[in-house]
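Trainee: Please put the model up, and then I will ask about contacts, the sheet and helix packing.

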Amino acid sequence: MKTAGARDTLKVVGIRADPPIPARPDPAALLSALPIPMLLLDRANRFRFVNHAAEQFLGISAAQLSQLSLADLVPSDNPIFQLIEQVRSGDLTISDHDMTLESPRLHKTAITVQGAPLPEEPGSVVLVMQDSSAARALDRQLTFRSAARSVTGMAAILAHEVKNPLSGIRGAAQLLESSVTAADRELTVLIRDEADRIRDLVDRMEAFGEKPIERGAVNIHRVLEHVRLLAQTGFAASIRFSEIYDPSLPHVYGNRDQLVQVLLNLVKNAAESIVGADHIYGEIVLMTAFQQGMRLAVPGSDHRMHLPLVVSVRDNGPGIPEDIRPNLFDPFVSSKATGSGLGLALVAKIINDHGGLVEVDDRPGRTEFRLHLPMMVEDPTD
Ligand SMILES: Nc1ncnc2c1ncn2[C@@H]1O[C@H](COP(=O)(O)OP(=O)(O)OP(=O)(O)O)[C@@H](O)[C@H]1O
Ligand SMILES: [Mg+2]
């Protein structure tokens with residue numbers, strides 16, 4: 001996607017040689033403090049100026065960059081050169097989304113690059129770069145609802161069309177079991193077990209139904225303790241658990257049983273990633289915190305919902321497989337031989353129904369799923 005606009009969209013304060021106005025902060029210091037990578041290229045695409053964020057972004061110091069041109073960092077067929085040329089020749093501000101800067105020195109994907117001319121220095125181009133993957137992650141969270149919706153309709157059809165004949169098949173297999181040979185009995189048992197497996201799957205999908213949820217004050221620490229106990233007496237018996245709780249955390253405005261379901265799915269995934277990696281020191285950390293300032297727009301209104309409660313599940317497993325990361329919360333996406341891929345889709349659906357948000361922060365050895373949840377405003381009785 002490309003957008004072009006008037007050239008005054010990006011004002012390059014401070015590179016011109018105006019005398020400094022007293023009592024104003026030093027523009028060079030401002031540019032250096034700007035947390036957005038910004039750089040200035042001359043007409044030969046040599047680096048004339050980079051701010052601190054740009055040094056970090058490119059992983060190269062300003063001193064080194066002053067000896068280089070952009071062509072030393074990215075191949076000459078990279079679309080960024082077209083953008084720069086368009087800025088130069090049209091005297092326009094151009095922004096290009098979803099760019100990739102790929103070379104042996106650099107690996108940046110999903111970058112938004114904005115370019116603007118610097119009228120005082122003809123041929124020079126100011127570039128601002130931003131990693132749009134974080135924004136996209138948030139975007140994705142907000143589209144999970146529709147993914148979950150498509151499952152909702154399917155769940156209803158499946159429940160109706162599959163469950164009834166399935167119980168017939170299961171019953172028939174059971175009847176046959178008493179009259180067949182031992183060898184054939186293995187087959188009837190197989191039919192019964194597989195029918196049970198399909199029924200369980202359909203039961204899980206029914207959880208996506210659009211029932212209005214009953215919400216009230218939920219003590220999330222009790223929910224977490226309940227989930228930890230279930231995990232430690234079952235699928236996560238060999239894993240160490242740590243808790244970092246904020247004891248003064250207000251109650252969540254939510255549905256207790258659904259929040260148990262959400263956390264159980266997250267803890268189960270965490271345990272499976274550790275066990276799957278044959279980790280000797282597997283650890284799951286359950287955390288709660290109060291975070292002022294997280295707000296989310298409510299679709300279709302001007303209202304912004306406050307989500308001050310953070311509940312997170314972190315594990316020291318190998319992280320999320322690269323290939324499924326873009327569709328992590330979609331139904332039926334799984335890297336496990338026996339996984340149905342419904343766990344995270346259900347998590348996304350329930351948290352959406354709560355008006356909350358799921359965030360994933362994942363790197364090798366540290367995978368964290370963070371829930372941002374609304375707070376109960378009235379005094380809880382729980
Ligand atoms: N903590 C985690 N660490 C690494 N990968 C994870 C983690 N949580 C989820 N994943 C990845 O996301 C995929 C989808 O998870 P999800 O819970 O939706 O399905 P599943 O666990 O495969 O199957 P199900 O939950 O239905 O039994 C998993 O298969 C796994 O690859
Ligand atoms: Mg799962």
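Trainee: Among contacts between residues at least 6 apart in sequence, what share joins residues at least 24 apart?
Mentor: This is a predicted model, in which local features need pLDDT of at least 70 and side-chain atom pairs count only at pLDDT 80 or more, while totals for chains, interfaces and linings use all residues. Residues are numbered from 1 along each chain as its sequence is written, chains are lettered from A and ligands numbered from 1 in the order in which they are written. Two residues are in contact if their C-beta atoms, placed from the backbone, lie within 7 Å. For contacts between residues at least 6 apart in sequence, the share joining residues at least 24 apart is 64%.

Trainee: What is the bridge partner of Val310 in E15?
Mentor: E13 (residues 309–315) and E15 (residues 366–373) pair in the antiparallel sense over 7 bridges. In E15, Val310 has as its bridge partner His372.

Trainee: At what angle do H8 and H9 pack?
Mentor: Axes are lines fitted to C-alpha atoms, for helices over the stretch in contact, and angles run from 0 to 180 degrees between N-to-C directions. The axes of H8 (residues 256–276) and H9 (residues 343–353) are 9 Å apart, and the angle is about 145 degrees.

Conventions
Helix = DSSP H or I, 4+ residues; strand = E, 2+ residues; numbered from the N terminus. Pairing = 2+ DSSP bridges.
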